[in-house]
Amino acid sequence: MTPTAGGRAGAALITGAASGIGRATVLALAARGAGGLVLIDRDAVGLGAVVRELGDTPVLARVHDVADEAAWEATEAAIGERFGGLGEAVVNAGIADGAAIVDISLAAWRRVMAVNLDGAMLTLRTAMRLMTGGGAIVTVCSAAAIKAEPGAGAYCASKAALLHLTRVAAREGVAQHIRVNAICPGGVETPLWRQNAWWDKLVASKGGEAAAFAAMGASTPLGGFAKPDEIARDILALLAPGFTTGAHLVSDGGYSL
Ligand code: NAD
């Protein structure tokens, strides 16, 4: 396998597969054709619904927290047993926060870091260990990794750290012919936004979620928030065989310009 190869031959791992960008990526990978799909999420009901949407693609679904190291050890063994290894991975699971630095609790800060950073590191570790024949990885960062967002300090810091971890992984992956790139979406219409304490108030004031997304996206030059399948398309483009590694694709409709 050459250094420009993707990992099409093997199975693809996606975390946060039950909803939003992760679910859209799973469906796009299944439509493209995948040797197998490994789906991780802590939401058993949502994950079960995604599995039912998949046709004949071989699937290994695992319900656990991405920040649970012991669970990853078991998942790693299960992937090896079922598929023999991995060719692609999308490090996607993440949570939001919505507190200014003066208000945030250490517990809330640590919760965000545990999922967005510890969880991403453990996912990367498993993926890179199992890509013995080379591969391609995309980490789902955020425009918040490069643009300061007031009231989202933990989220911004976690995504900036993940972006730099992506570059380190790209350097370390070279010897194994693993390419590692990041995607930095701007606003995307997913349930993630409901995690912000102010979301219900915004929805009530605008008269519904669609109107709330439209209001939030009004400052995006390309017009509005992205749909999950638009981000999935860009993730698949980064996974495709190529010469790019350690790069980040800002998929934000010009928001951070
Ligand atoms: P979402 O809430 O729709 O989906 C996230 C999925 O991850 C859910 O299925 C959830 O159950 C799962 N998950 C969360 N914490 C987990 C954990 N600890 N262990 C296992 N699974 C867990 O959100 P989304 O918008 O699709 O977010 C996906 C990624 O995209 C996140 O990393 C997020 O930060 C990033 N992102 C989202 C936006 C946006 O505007 N929605 C913008 C930029 C980046």
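1. Buried denotes under 20% relative accessible area, exposed over 50%, and partly exposed in between (1.4 Å probe, protein chains only). The model is a predicted one, in which local features need pLDDT of at least 70 and side-chain atom pairs count only at pLDDT 80 or more, while totals for chains, interfaces and linings use all residues. Residues are numbered from 1 along each chain as its sequence is written, and side-chain values use heavy atoms, with hydrogens and water left out.

2. Helix α8 comprises 12 residues, 228–239; helices (H or I, at least four residues) and strands (E, at least two) are DSSP runs, numbered from the N terminus. From first to last C-alpha α8 reaches 17 Å, close to the expected 16 Å (1.5 Å times one less than its number of residues).

3. In α8, the residues Pro228, Ile231, Ala232, Ile235, Leu236, Leu238 and Leu239 are buried. They lie on the same side of α8 because they cover an arc of only 155° around the axis, the arc being that of the directions from the helix axis to the C-beta atoms. Arg233 and Ala237, on the other side of α8, are exposed.

4. The cover over the buried residues of α8 includes α1 (20–32) and the strands β4 (86–91), β5 (135–140), β6 (178–185) and β7 (248–251).

5. How many disulfides does the structure hold? There are 0 disulfides, a disulfide being a pair of cysteine sulfur atoms within 2.5 Å. The sulfur of Cys141 has its closest cysteine sulfur in Cys184, at 5.0 Å, too far for a bond. Cys156 is likewise in no disulfide, the nearest cysteine sulfur, that of Cys184, being 11 Å away.

6. Cys141 is buried, at 3% relative accessible area. Cys156 is buried, at 11%.

Methods. Contact means heavy atoms within 4.5 Å.
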